[in-house]
Amino acid sequence: MKYVIIGASAAGLACAEQIRKEDKSGEITVLTKEQYFPYSRPSISYYLKGAVKEKEMYLRKPSYYAANRIEIVTGAKVTGIDRTAKTVKVGRKIYPYDKLCICSGSKPFIPPMKNVSGKENAFTFLDLASSKAIKEKANGNTRAVVIGAGLIGMKAAEGLSKICKSVDVAELSPRILPSILDAKSSKGVKKHIEEKGHIKFHLGDTVTEAKSRGKKITSVILKSGKELKCDMLILAVGVRPETDLAEKAELETDRGITVNPETMQTSDKDIYAAGDCTVSVDMLDGRKKVIALWVNAVQQGSVAGSQMAGGKQTLGGAYSVNAIDFYGLRICTCGLINAEGEQYSDKVLQSGDSYKRLIFEGNRLVGFVLINASDNAGIYTSLIENRTDLSGLEGNIFETPSLFLFEKSVRAQRLKGEAV
Amino acid sequence: MKIVYAKEELCLNCRLCEVYCKTAHSKTKDVLKANKYENPAPVSRITVYGDKMLSAAVNCRHCDNPKCVQACITGAMTKDRKTGVVSVNEDKCIGCMTCLAVCPFGCIKTGKFAVKCDLCQGEDEPACVKNCPNRALVYVDLGGAR
(Lines give C-alpha, C1' and ligand atoms only; values in the text may rest on other atoms or scores of the structure.)
Protein backbone atom coordinates (compact mmCIF):
# COMPACT_ATOMS: atom_id res chain seq x y z
CA MET A 1 0.00 0.00 0.00
CA LYS A 2 1.14 3.50 -0.77
CA TYR A 3 -0.13 6.18 1.58
CA VAL A 4 0.38 9.86 0.82
CA ILE A 5 -0.44 12.61 3.31
CA ILE A 6 -0.52 16.27 2.36
CA GLY A 7 0.46 18.40 5.35
CA ALA A 8 2.67 17.59 8.34
CA SER A 9 1.09 19.29 11.32
CA ALA A 10 -1.28 17.87 13.97
CA ALA A 11 -3.62 15.96 11.63
CA GLY A 12 -0.97 14.83 9.13
CA LEU A 13 1.35 13.46 11.78
CA ALA A 14 -1.47 11.75 13.70
CA CYS A 15 -2.64 10.19 10.43
CA ALA A 16 0.84 8.85 9.59
CA GLU A 17 1.32 7.45 13.09
CA GLN A 18 -2.03 5.68 13.10
CA ILE A 19 -1.39 4.16 9.67
CA ARG A 20 1.90 2.79 10.96
CA LYS A 21 0.19 1.29 13.99
CA GLU A 22 -2.25 -0.60 11.79
CA ASP A 23 -0.12 -1.33 8.73
CA LYS A 24 3.46 -2.29 9.47
CA SER A 25 4.60 -2.56 5.86
CA GLY A 26 2.87 0.17 3.80
CA GLU A 27 4.85 3.11 2.40
CA ILE A 28 3.98 6.37 4.14
CA THR A 29 4.96 9.67 2.54
CA VAL A 30 4.13 12.99 4.17
CA LEU A 31 4.46 16.04 1.95
CA THR A 32 4.87 19.45 3.58
CA LYS A 33 5.34 22.73 1.79
CA GLU A 34 7.21 24.01 4.81
CA GLN A 35 10.96 23.68 5.29
CA TYR A 36 10.61 22.01 8.70
CA PHE A 37 9.84 18.59 10.11
CA PRO A 38 6.55 18.44 12.07
CA TYR A 39 6.66 21.11 14.77
CA SER A 40 4.27 22.62 17.27
CA ARG A 41 2.47 25.35 15.38
CA PRO A 42 0.85 26.79 18.51
CA SER A 43 4.36 27.25 19.94
CA ILE A 44 5.30 29.91 17.39
CA SER A 45 4.17 32.66 19.75
CA TYR A 46 6.25 31.14 22.56
CA TYR A 47 9.18 31.08 20.13
CA LEU A 48 8.54 34.73 19.31
CA LYS A 49 8.65 35.79 22.94
CA GLY A 50 11.70 33.60 23.58
CA ALA A 51 10.00 31.09 25.91
CA VAL A 52 10.89 28.08 23.77
CA LYS A 53 13.83 27.27 21.51
CA GLU A 54 13.36 26.05 17.97
CA LYS A 55 14.79 22.62 18.71
CA GLU A 56 12.20 22.10 21.46
CA MET A 57 9.36 22.82 19.03
CA TYR A 58 9.74 19.63 17.02
CA LEU A 59 6.99 17.16 17.82
CA ARG A 60 9.16 14.06 17.43
CA LYS A 61 12.88 13.34 17.42
CA PRO A 62 14.38 13.16 13.90
CA SER A 63 15.24 9.47 14.46
CA TYR A 64 11.56 8.70 15.11
CA TYR A 65 10.59 9.02 11.46
CA ALA A 66 13.27 6.62 10.22
CA ALA A 67 12.48 4.14 12.98
CA ASN A 68 8.80 4.17 11.99
CA ARG A 69 9.45 4.40 8.25
CA ILE A 70 7.51 7.62 7.83
CA GLU A 71 9.04 9.66 5.06
CA ILE A 72 8.68 13.39 5.56
CA VAL A 73 9.35 15.43 2.41
CA THR A 74 9.91 19.11 3.24
CA GLY A 75 9.64 21.94 0.75
CA ALA A 76 7.08 19.87 -1.16
CA LYS A 77 4.22 22.12 -2.21
CA VAL A 78 1.56 19.97 -3.82
CA THR A 79 0.38 21.48 -7.09
CA GLY A 80 -2.34 19.03 -8.02
CA ILE A 81 -4.18 15.80 -7.31
CA ASP A 82 -5.03 13.50 -10.23
CA ARG A 83 -7.87 11.33 -8.97
CA THR A 84 -8.02 9.15 -12.06
CA ALA A 85 -4.33 8.30 -12.14
CA LYS A 86 -4.26 8.40 -8.31
CA THR A 87 -1.22 10.61 -8.13
CA VAL A 88 -0.20 13.77 -6.35
CA LYS A 89 1.97 16.28 -8.14
CA VAL A 90 4.72 18.33 -6.53
CA GLY A 91 5.98 20.42 -9.42
CA ARG A 92 7.36 17.84 -11.82
CA LYS A 93 7.57 15.11 -9.25
CA ILE A 94 4.74 12.56 -9.10
CA TYR A 95 3.72 10.65 -5.98
CA PRO A 96 1.37 7.71 -6.64
CA TYR A 97 -1.07 6.80 -3.87
CA ASP A 98 -3.50 4.06 -2.98
CA LYS A 99 -4.91 6.15 -0.15
CA LEU A 100 -4.48 9.89 0.21
CA CYS A 101 -5.18 12.16 3.14
CA ILE A 102 -5.44 15.93 2.79
CA CYS A 103 -4.36 17.74 5.96
CA SER A 104 -3.72 21.11 4.37
CA GLY A 105 -4.78 23.17 7.37
CA SER A 106 -5.81 26.80 7.22
CA LYS A 107 -4.89 29.77 5.16
CA PRO A 108 -5.03 33.33 6.43
CA PHE A 109 -8.05 35.36 5.52
CA ILE A 110 -6.97 38.86 4.57
CA PRO A 111 -9.78 41.38 4.13
CA PRO A 112 -9.37 44.06 1.52
CA MET A 113 -7.21 46.93 2.78
CA LYS A 114 -5.65 49.63 0.70
CA ASN A 115 -1.89 49.64 0.26
CA VAL A 116 -1.05 46.61 2.43
CA SER A 117 -0.48 43.79 -0.03
CA GLY A 118 3.17 43.17 -0.82
CA LYS A 119 4.56 45.49 1.86
CA GLU A 120 7.75 44.21 3.47
CA ASN A 121 6.66 44.93 7.07
CA ALA A 122 3.24 43.27 6.83
CA PHE A 123 3.18 39.70 8.13
CA THR A 124 0.78 36.88 8.72
CA PHE A 125 1.41 34.73 11.81
CA LEU A 126 0.64 31.12 11.08
CA ASP A 127 3.87 29.21 10.83
CA LEU A 128 7.43 29.00 12.08
CA ALA A 129 8.78 30.83 9.03
CA SER A 130 6.54 33.83 9.73
CA SER A 131 7.45 33.81 13.42
CA LYS A 132 11.15 33.82 12.50
CA ALA A 133 10.67 36.68 10.04
CA ILE A 134 8.81 38.74 12.66
CA LYS A 135 11.37 37.98 15.37
CA GLU A 136 14.18 39.09 13.09
CA LYS A 137 12.54 42.46 12.41
CA ALA A 138 10.97 43.32 15.77
CA ASN A 139 13.00 45.29 18.33
CA GLY A 140 12.64 47.76 21.18
CA ASN A 141 11.78 50.59 18.81
CA THR A 142 9.07 48.74 16.91
CA ARG A 143 5.53 50.04 17.07
CA ALA A 144 3.47 47.00 16.14
CA VAL A 145 -0.15 46.92 15.03
CA VAL A 146 -2.05 43.64 15.06
CA ILE A 147 -5.30 43.31 13.13
CA GLY A 148 -7.54 40.73 14.77
CA ALA A 149 -8.01 39.80 18.44
CA GLY A 150 -8.66 36.09 17.93
CA LEU A 151 -6.35 33.35 19.21
CA ILE A 152 -3.67 34.02 16.59
CA GLY A 153 -3.77 37.81 16.84
CA MET A 154 -3.72 37.82 20.64
CA LYS A 155 -0.86 35.34 20.83
CA ALA A 156 1.09 37.43 18.32
CA ALA A 157 0.34 40.55 20.39
CA GLU A 158 1.46 38.87 23.60
CA GLY A 159 4.73 37.72 22.01
CA LEU A 160 5.38 41.14 20.49
CA SER A 161 4.60 42.98 23.72
CA LYS A 162 7.74 41.44 25.25
CA ILE A 163 9.89 42.83 22.43
CA CYS A 164 8.31 45.92 20.95
CA LYS A 165 7.94 49.53 22.05
CA SER A 166 4.18 49.40 21.67
CA VAL A 167 1.47 47.00 20.51
CA ASP A 168 -1.95 48.09 19.27
CA VAL A 169 -4.67 45.58 18.44
CA ALA A 170 -7.60 46.43 16.16
CA GLU A 171 -10.59 44.09 16.15
CA LEU A 172 -13.83 44.49 14.27
CA SER A 173 -15.83 42.57 16.87
CA PRO A 174 -16.79 44.47 20.06
CA ARG A 175 -14.79 41.97 22.17
CA ILE A 176 -11.55 40.05 22.20
CA LEU A 177 -11.14 36.29 21.66
CA PRO A 178 -14.74 35.89 20.46
CA SER A 179 -14.23 32.23 19.54
CA ILE A 180 -13.26 31.10 23.05
CA LEU A 181 -14.75 33.71 25.40
CA ASP A 182 -18.24 34.95 26.12
CA ALA A 183 -18.99 38.65 26.33
CA LYS A 184 -18.68 38.90 30.11
CA SER A 185 -15.43 37.00 30.56
CA SER A 186 -13.74 38.70 27.64
CA LYS A 187 -13.95 42.03 29.48
CA GLY A 188 -11.92 40.73 32.40
CA VAL A 189 -9.37 39.09 30.12
CA LYS A 190 -9.02 42.29 28.13
CA LYS A 191 -8.35 44.28 31.29
CA HIS A 192 -5.71 41.76 32.39
CA ILE A 193 -3.96 41.93 29.01
CA GLU A 194 -4.05 45.74 28.98
CA GLU A 195 -2.48 45.87 32.44
CA LYS A 196 0.13 43.13 32.04
CA GLY A 197 1.01 43.57 28.40
CA HIS A 198 0.41 47.30 27.95
CA ILE A 199 -1.50 46.41 24.83
CA LYS A 200 -3.89 49.01 23.48
CA PHE A 201 -7.16 47.75 22.01
CA HIS A 202 -9.27 49.34 19.31
CA LEU A 203 -12.47 47.27 19.39
CA GLY A 204 -15.27 47.60 16.88
CA ASP A 205 -12.62 49.01 14.62
CA THR A 206 -10.24 47.79 11.96
CA VAL A 207 -7.53 48.90 9.60
CA THR A 208 -8.84 50.19 6.30
CA GLU A 209 -5.64 51.40 4.72
CA ALA A 210 -1.94 51.88 5.21
CA LYS A 211 0.34 54.78 4.50
CA SER A 212 3.71 53.81 3.21
CA ARG A 213 7.10 54.98 2.12
CA GLY A 214 8.28 52.73 -0.70
CA LYS A 215 7.68 49.12 0.33
CA LYS A 216 7.37 50.00 4.00
CA ILE A 217 4.18 50.73 5.88
CA THR A 218 4.66 53.78 8.13
CA SER A 219 1.18 54.11 9.61
CA VAL A 220 -2.30 52.64 9.38
CA ILE A 221 -5.68 54.32 9.24
CA LEU A 222 -8.55 52.77 11.15
CA LYS A 223 -12.21 52.71 10.16
CA SER A 224 -12.89 55.18 12.96
CA GLY A 225 -10.47 57.62 11.34
CA LYS A 226 -7.69 57.12 13.92
CA GLU A 227 -4.17 56.93 12.58
CA LEU A 228 -1.58 54.71 14.28
CA LYS A 229 2.16 54.88 13.64
CA CYS A 230 3.18 51.45 12.49
CA ASP A 231 6.57 49.81 11.94
CA MET A 232 5.16 46.29 11.75
CA LEU A 233 1.68 45.13 10.77
CA ILE A 234 0.42 41.67 11.73
CA LEU A 235 -2.53 40.38 9.71
CA ALA A 236 -4.48 38.03 11.96
CA VAL A 237 -8.10 38.69 11.08
CA GLY A 238 -8.87 35.03 10.73
CA VAL A 239 -8.23 31.82 8.90
CA ARG A 240 -10.18 29.78 6.39
CA PRO A 241 -9.82 26.10 5.54
CA GLU A 242 -7.20 25.56 2.84
CA THR A 243 -9.38 23.83 0.24
CA ASP A 244 -7.71 24.91 -3.01
CA LEU A 245 -6.31 21.47 -3.87
CA ALA A 246 -9.55 19.71 -2.96
CA GLU A 247 -11.59 22.13 -5.03
CA LYS A 248 -9.30 21.80 -8.04
CA ALA A 249 -9.67 18.04 -7.74
CA GLU A 250 -13.46 18.54 -7.61
CA LEU A 251 -13.93 17.05 -4.18
CA GLU A 252 -17.03 18.21 -2.35
CA THR A 253 -16.46 21.25 -0.16
CA ASP A 254 -18.66 23.44 2.00
CA ARG A 255 -16.43 26.11 3.55
CA GLY A 256 -14.11 23.21 4.41
CA ILE A 257 -13.59 19.86 2.75
CA THR A 258 -16.71 17.74 3.23
CA VAL A 259 -16.00 14.48 5.03
CA ASN A 260 -17.97 11.63 6.49
CA PRO A 261 -18.00 12.72 10.15
CA GLU A 262 -17.28 9.19 11.36
CA THR A 263 -14.61 8.09 8.91
CA MET A 264 -13.14 11.33 7.49
CA GLN A 265 -13.61 9.99 3.96
CA THR A 266 -14.20 12.67 1.33
CA SER A 267 -16.45 12.37 -1.71
CA ASP A 268 -13.68 10.23 -3.26
CA LYS A 269 -13.45 6.84 -1.51
CA ASP A 270 -9.65 6.79 -1.63
CA ILE A 271 -9.18 10.32 -0.38
CA TYR A 272 -9.56 11.35 3.24
CA ALA A 273 -9.21 14.74 4.89
CA ALA A 274 -8.52 15.77 8.47
CA GLY A 275 -7.88 18.83 10.59
CA ASP A 276 -8.47 22.51 9.98
CA CYS A 277 -9.14 22.07 6.25
CA THR A 278 -12.34 20.12 6.92
CA VAL A 279 -15.82 21.07 8.00
CA SER A 280 -16.97 19.17 11.11
CA VAL A 281 -20.37 18.48 12.56
CA ASP A 282 -20.36 19.70 16.16
CA MET A 283 -21.76 16.79 18.19
CA LEU A 284 -23.23 19.21 20.71
CA ASP A 285 -25.59 21.11 18.42
CA GLY A 286 -25.39 19.19 15.14
CA ARG A 287 -24.19 22.25 13.28
CA LYS A 288 -21.55 22.25 10.58
CA LYS A 289 -18.50 24.13 11.81
CA VAL A 290 -14.86 24.54 11.06
CA ILE A 291 -13.28 23.45 14.35
CA ALA A 292 -9.73 24.63 13.79
CA LEU A 293 -8.29 23.32 17.05
CA TRP A 294 -5.42 20.97 17.83
CA VAL A 295 -7.30 18.20 19.65
CA ASN A 296 -9.88 17.93 16.89
CA ALA A 297 -7.14 17.76 14.24
CA VAL A 298 -5.28 14.97 16.04
CA GLN A 299 -8.44 12.92 16.55
CA GLN A 300 -9.51 13.35 12.93
CA GLY A 301 -6.03 12.54 11.63
CA SER A 302 -5.89 9.41 13.72
CA VAL A 303 -9.31 8.23 12.49
CA ALA A 304 -8.41 8.96 8.87
CA GLY A 305 -5.18 6.99 9.26
CA SER A 306 -6.98 4.03 10.76
CA GLN A 307 -9.61 4.00 8.03
CA MET A 308 -7.00 4.32 5.29
CA ALA A 309 -5.16 1.30 6.67
CA GLY A 310 -8.37 -0.74 6.79
CA GLY A 311 -8.81 -0.25 10.54
CA LYS A 312 -11.96 0.35 12.50
CA GLN A 313 -11.39 3.57 14.42
CA THR A 314 -14.23 6.06 14.01
CA LEU A 315 -14.75 9.56 15.32
CA GLY A 316 -17.08 9.69 18.30
CA GLY A 317 -18.00 13.26 17.65
CA ALA A 318 -16.33 16.60 17.21
CA TYR A 319 -16.43 19.43 19.72
CA SER A 320 -14.22 22.39 20.63
CA VAL A 321 -11.83 22.29 23.53
CA ASN A 322 -9.07 24.81 24.05
CA ALA A 323 -6.64 25.88 26.75
CA ILE A 324 -4.47 28.96 26.52
CA ASP A 325 -2.79 31.48 28.78
CA PHE A 326 -2.09 35.18 28.56
CA TYR A 327 0.42 36.69 30.98
CA GLY A 328 -0.30 34.00 33.55
CA LEU A 329 -4.09 34.15 33.18
CA ARG A 330 -5.32 30.65 32.39
CA ILE A 331 -8.25 30.24 30.06
CA CYS A 332 -9.87 26.90 29.41
CA THR A 333 -13.01 26.56 27.33
CA CYS A 334 -15.03 23.76 25.80
CA GLY A 335 -18.21 23.18 23.87
CA LEU A 336 -20.98 25.66 23.14
CA ILE A 337 -19.71 28.76 24.90
CA ASN A 338 -21.84 31.12 22.84
CA ALA A 339 -24.94 28.93 22.77
CA GLU A 340 -28.13 30.83 22.04
CA GLY A 341 -31.59 29.43 22.35
CA GLU A 342 -34.25 28.58 24.89
CA GLN A 343 -32.93 25.08 25.44
CA TYR A 344 -29.73 26.41 27.01
CA SER A 345 -29.16 27.75 30.50
CA ASP A 346 -26.02 28.80 32.30
CA LYS A 347 -24.63 29.72 35.67
CA VAL A 348 -21.63 31.86 36.52
CA LEU A 349 -19.45 31.69 39.62
CA GLN A 350 -17.06 34.57 39.97
CA SER A 351 -14.65 35.53 42.69
CA GLY A 352 -11.56 37.70 42.46
CA ASP A 353 -9.82 36.94 39.18
CA SER A 354 -11.45 33.55 38.72
CA TYR A 355 -14.51 32.95 36.59
CA LYS A 356 -16.43 29.76 36.04
CA ARG A 357 -19.35 29.57 33.67
CA LEU A 358 -21.10 26.30 32.95
CA ILE A 359 -23.58 26.01 30.09
CA PHE A 360 -26.33 23.39 30.19
CA GLU A 361 -28.86 21.92 27.83
CA GLY A 362 -31.49 20.32 30.01
CA ASN A 363 -29.70 17.84 32.24
CA ARG A 364 -26.51 17.87 30.26
CA LEU A 365 -23.38 19.99 30.36
CA VAL A 366 -22.64 21.39 26.89
CA GLY A 367 -19.97 23.96 27.54
CA PHE A 368 -17.70 25.76 29.99
CA VAL A 369 -15.59 28.87 30.27
CA LEU A 370 -12.99 28.68 33.04
CA ILE A 371 -10.63 31.52 33.82
CA ASN A 372 -8.09 30.85 36.54
CA ALA A 373 -10.46 28.10 37.57
CA SER A 374 -9.43 25.23 35.35
CA ASP A 375 -8.53 22.65 38.02
CA ASN A 376 -9.61 19.20 36.79
CA ALA A 377 -11.35 20.77 33.78
CA GLY A 378 -10.99 17.47 31.92
CA ILE A 379 -13.68 15.98 34.12
CA TYR A 380 -16.10 18.60 32.80
CA THR A 381 -14.88 17.85 29.28
CA SER A 382 -15.63 14.15 29.80
CA LEU A 383 -19.16 15.01 31.02
CA ILE A 384 -19.67 16.99 27.81
CA GLU A 385 -18.14 14.36 25.54
CA ASN A 386 -20.07 11.49 27.13
CA ARG A 387 -23.33 13.49 27.26
CA THR A 388 -23.61 12.45 30.90
CA ASP A 389 -27.01 12.92 32.51
CA LEU A 390 -26.14 15.26 35.38
CA SER A 391 -29.13 14.19 37.48
CA GLY A 392 -27.23 10.95 38.19
CA LEU A 393 -24.26 12.78 39.70
CA GLU A 394 -23.61 12.82 43.42
CA GLY A 395 -21.46 15.89 43.98
CA ASN A 396 -21.97 19.60 43.34
CA ILE A 397 -20.92 20.31 39.79
CA PHE A 398 -19.85 23.88 40.59
CA GLU A 399 -17.15 22.78 43.00
CA THR A 400 -13.80 21.68 41.63
CA PRO A 401 -14.81 18.50 39.84
CA SER A 402 -13.38 15.20 41.00
CA LEU A 403 -14.19 11.53 40.72
CA PHE A 404 -16.49 12.03 43.70
CA LEU A 405 -18.96 13.65 41.31
CA PHE A 406 -19.80 10.12 40.22
CA GLU A 407 -21.55 7.33 42.05
CA LYS A 408 -19.52 4.47 43.45
CA SER A 409 -19.53 2.08 40.50
CA VAL A 410 -18.50 4.75 37.99
CA ARG A 411 -15.90 6.05 40.43
CA ALA A 412 -14.49 2.55 40.87
CA GLN A 413 -14.16 2.16 37.10
CA ARG A 414 -12.41 5.46 36.82
CA LEU A 415 -10.03 4.73 39.68
CA LYS A 416 -8.99 1.69 37.68
CA GLY A 417 -8.44 3.98 34.72
CA GLU A 418 -11.07 2.22 32.66
CA ALA A 419 -12.29 3.70 29.42
CA VAL A 420 -14.24 6.91 29.70
CA MET B 1 1.88 -2.03 33.84
CA LYS B 2 1.70 -1.19 37.53
CA ILE B 3 -0.17 1.93 38.57
CA VAL B 4 -1.14 3.45 41.91
CA TYR B 5 -4.57 2.21 42.89
CA ALA B 6 -6.64 3.72 45.70
CA LYS B 7 -8.97 1.71 47.91
CA GLU B 8 -11.50 4.26 49.03
CA GLU B 9 -12.79 2.11 51.89
CA LEU B 10 -9.32 2.24 53.48
CA CYS B 11 -8.45 5.89 52.85
CA LEU B 12 -8.28 7.98 56.03
CA ASN B 13 -8.05 11.33 54.22
CA CYS B 14 -4.78 11.96 56.09
CA ARG B 15 -3.10 13.35 52.97
CA LEU B 16 0.28 11.84 53.82
CA CYS B 17 0.48 10.73 50.17
CA GLU B 18 0.44 14.39 49.17
CA VAL B 19 3.10 15.25 51.75
CA TYR B 20 5.43 12.51 50.52
CA CYS B 21 4.71 13.18 46.86
CA LYS B 22 5.77 16.77 47.35
CA THR B 23 8.85 15.64 49.22
CA ALA B 24 9.82 13.14 46.52
CA HIS B 25 9.46 15.85 43.89
CA SER B 26 11.23 18.59 45.84
CA LYS B 27 14.72 19.98 45.58
CA THR B 28 15.71 19.21 49.15
CA LYS B 29 13.91 15.82 49.53
CA ASP B 30 13.36 16.88 53.15
CA VAL B 31 9.82 16.55 54.51
CA LEU B 32 9.85 19.78 56.48
CA LYS B 33 11.64 21.95 53.93
CA ALA B 34 9.68 20.55 50.98
CA ASN B 35 6.31 21.09 52.60
CA LYS B 36 6.97 24.37 54.35
CA TYR B 37 9.87 26.38 53.01
CA GLU B 38 10.80 25.55 49.43
CA ASN B 39 10.13 28.27 46.93
CA PRO B 40 8.66 27.53 44.44
CA ALA B 41 6.72 25.04 46.52
CA PRO B 42 6.69 21.55 45.02
CA VAL B 43 3.30 20.49 43.65
CA SER B 44 1.75 17.23 44.75
CA ARG B 45 0.93 14.98 41.83
CA ILE B 46 -1.60 13.04 43.86
CA THR B 47 -4.71 14.59 45.44
CA VAL B 48 -7.08 13.26 48.04
CA TYR B 49 -10.70 13.98 47.14
CA GLY B 50 -13.83 13.36 49.14
CA ASP B 51 -14.47 14.00 52.82
CA LYS B 52 -13.67 12.41 56.19
CA MET B 53 -16.29 9.72 55.61
CA LEU B 54 -15.27 8.72 52.12
CA SER B 55 -12.15 9.70 50.25
CA ALA B 56 -9.60 8.47 47.77
CA ALA B 57 -6.27 9.67 46.43
CA VAL B 58 -6.19 10.18 42.69
CA ASN B 59 -3.18 10.38 40.44
CA CYS B 60 -2.35 9.59 36.81
CA ARG B 61 -3.85 6.37 35.46
CA HIS B 62 -1.11 6.12 32.79
CA CYS B 63 -3.81 5.28 30.24
CA ASP B 64 -3.30 2.94 27.27
CA ASN B 65 -4.27 5.64 24.84
CA PRO B 66 -3.84 8.80 26.87
CA LYS B 67 -5.95 11.80 25.96
CA CYS B 68 -3.29 14.10 27.38
CA VAL B 69 -0.69 12.73 24.94
CA GLN B 70 -3.10 13.04 22.05
CA ALA B 71 -3.96 16.61 23.00
CA CYS B 72 -0.43 17.83 23.70
CA ILE B 73 0.32 20.64 21.29
CA THR B 74 4.10 20.50 21.66
CA GLY B 75 4.94 16.79 21.84
CA ALA B 76 6.05 17.28 25.47
CA MET B 77 3.62 14.71 26.85
CA THR B 78 4.57 11.18 25.86
CA LYS B 79 3.86 7.61 26.87
CA ASP B 80 7.03 5.56 27.14
CA ARG B 81 6.74 2.56 24.86
CA LYS B 82 8.64 0.25 27.17
CA THR B 83 7.52 1.30 30.65
CA GLY B 84 4.10 2.74 29.79
CA VAL B 85 4.77 5.76 31.99
CA VAL B 86 3.13 8.98 30.78
CA SER B 87 5.43 11.91 31.45
CA VAL B 88 6.10 15.55 30.60
CA ASN B 89 9.29 16.84 29.02
CA GLU B 90 9.66 20.18 30.81
CA ASP B 91 11.92 21.64 28.13
CA LYS B 92 9.20 21.21 25.54
CA CYS B 93 6.12 21.97 27.66
CA ILE B 94 4.83 25.54 27.29
CA GLY B 95 2.29 25.22 30.10
CA CYS B 96 -0.80 25.70 27.91
CA MET B 97 -2.60 23.02 29.98
CA THR B 98 -4.53 21.51 27.08
CA CYS B 99 -3.68 18.17 28.74
CA LEU B 100 -5.54 19.26 31.85
CA ALA B 101 -8.53 20.26 29.72
CA VAL B 102 -8.92 16.69 28.44
CA CYS B 103 -7.79 14.42 31.31
CA PRO B 104 -11.02 12.69 32.39
CA PHE B 105 -9.54 11.75 35.77
CA GLY B 106 -8.39 15.21 36.87
CA CYS B 107 -4.79 14.10 37.25
CA ILE B 108 -2.82 16.98 35.83
CA LYS B 109 -1.82 19.89 38.02
CA THR B 110 -0.91 23.41 37.03
CA GLY B 111 2.60 24.62 37.64
CA LYS B 112 4.94 26.52 35.39
CA PHE B 113 4.58 23.37 33.31
CA ALA B 114 2.04 20.59 33.36
CA VAL B 115 2.72 18.60 36.51
CA LYS B 116 1.75 14.96 36.88
CA CYS B 117 2.62 11.63 38.46
CA ASP B 118 5.75 9.97 37.08
CA LEU B 119 5.43 6.92 39.37
CA CYS B 120 8.62 8.14 41.08
CA GLN B 121 10.81 7.00 38.21
CA GLY B 122 13.67 4.84 39.34
CA GLU B 123 12.08 3.84 42.66
CA ASP B 124 10.69 0.36 43.35
CA GLU B 125 7.53 1.86 44.76
CA PRO B 126 6.14 5.39 44.42
CA ALA B 127 6.51 7.59 47.51
CA CYS B 128 2.74 7.89 47.99
CA VAL B 129 2.31 4.11 48.19
CA LYS B 130 5.37 3.62 50.37
CA ASN B 131 4.11 6.13 52.93
CA CYS B 132 0.40 5.34 53.01
CA PRO B 133 -0.22 4.37 56.66
CA ASN B 134 -3.26 2.23 55.96
CA ARG B 135 -2.33 0.60 52.65
CA ALA B 136 -5.16 2.44 51.00
CA LEU B 137 -2.74 2.97 48.14
CA VAL B 138 -1.29 -0.04 46.42
CA TYR B 139 1.07 -0.34 43.49
CA VAL B 140 -0.50 -2.99 41.30
CA ASP B 141 -0.92 -4.29 37.80
CA LEU B 142 -4.65 -4.10 37.14
CA GLY B 143 -4.31 -6.35 34.13
CA GLY B 144 -5.55 -5.68 30.64
CA ALA B 145 -3.21 -4.17 28.12
CA ARG B 146 -1.78 -1.94 30.78
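In this predicted model, domain 2 of chain A touches domain 3 of chain A: 7 residues of domain 2 are in contact with 9 residues of domain 3. On the domain 2 side, the contacting residues are 3 nonpolar, 3 polar and 1 charged. The C-alpha centres of these two domains lie 33 Å apart.

**Domains of chain A**
- Chain A is divided into domain 1, domain 2 and domain 3.
- Domain 1 of chain A is written in two stretches, 2–105 and 242–308.
- Domain 2 of chain A covers 109–238, and domain 3 of chain A covers 328–415.

**Domains of chain B**
- Chain B is assigned domain 1 (1–59 + 119–138) and domain 2 (63–116).
- The centres of domain 1 and domain 2 of chain B, taken over C-alpha atoms, are 19 Å apart.
- Here 7 residues of domain 1 of chain B are in contact with 10 residues of domain 2 of chain B.
- The domain 1 side of that contact in chain B holds 4 nonpolar, 2 polar and 1 charged residues.

**Where chain A meets chain B**
- Between the chains, 36 residues of chain A are in contact with 30 residues of chain B.
- On the chain A side, the elements giving two or more residues include the helices α9 (294–308), α10 (377–385) and α11 (408–415).
- The strands β23 (321–326) and β24 (329–335) of chain A also give two or more residues.
- α10(A) gives the most to this side, with 5 residues.
- The chain A side divides into 20 nonpolar, 10 polar and 6 charged residues.

Terms used: Residues are numbered from 1 along each chain as its sequence is written. Chains are lettered from A and ligands numbered from 1 in the order in which they are written. This is a predicted model: local features need pLDDT of at least 70, side-chain atom pairs count only at pLDDT 80 or more; totals for chains, interfaces and linings use all residues. Two residues are in contact if their C-beta atoms, placed from the backbone, lie within 7 Å. Helices (H or I, at least four residues) and strands (E, at least two) are DSSP runs, numbered from the N terminus. Ala, Val, Leu, Ile, Met, Phe, Trp, Tyr, Cys and Pro count as nonpolar, Asp, Glu, Lys and Arg as charged, and the others, Gly among them, as polar. Domain bounds come from an automatic or database domain assignment.
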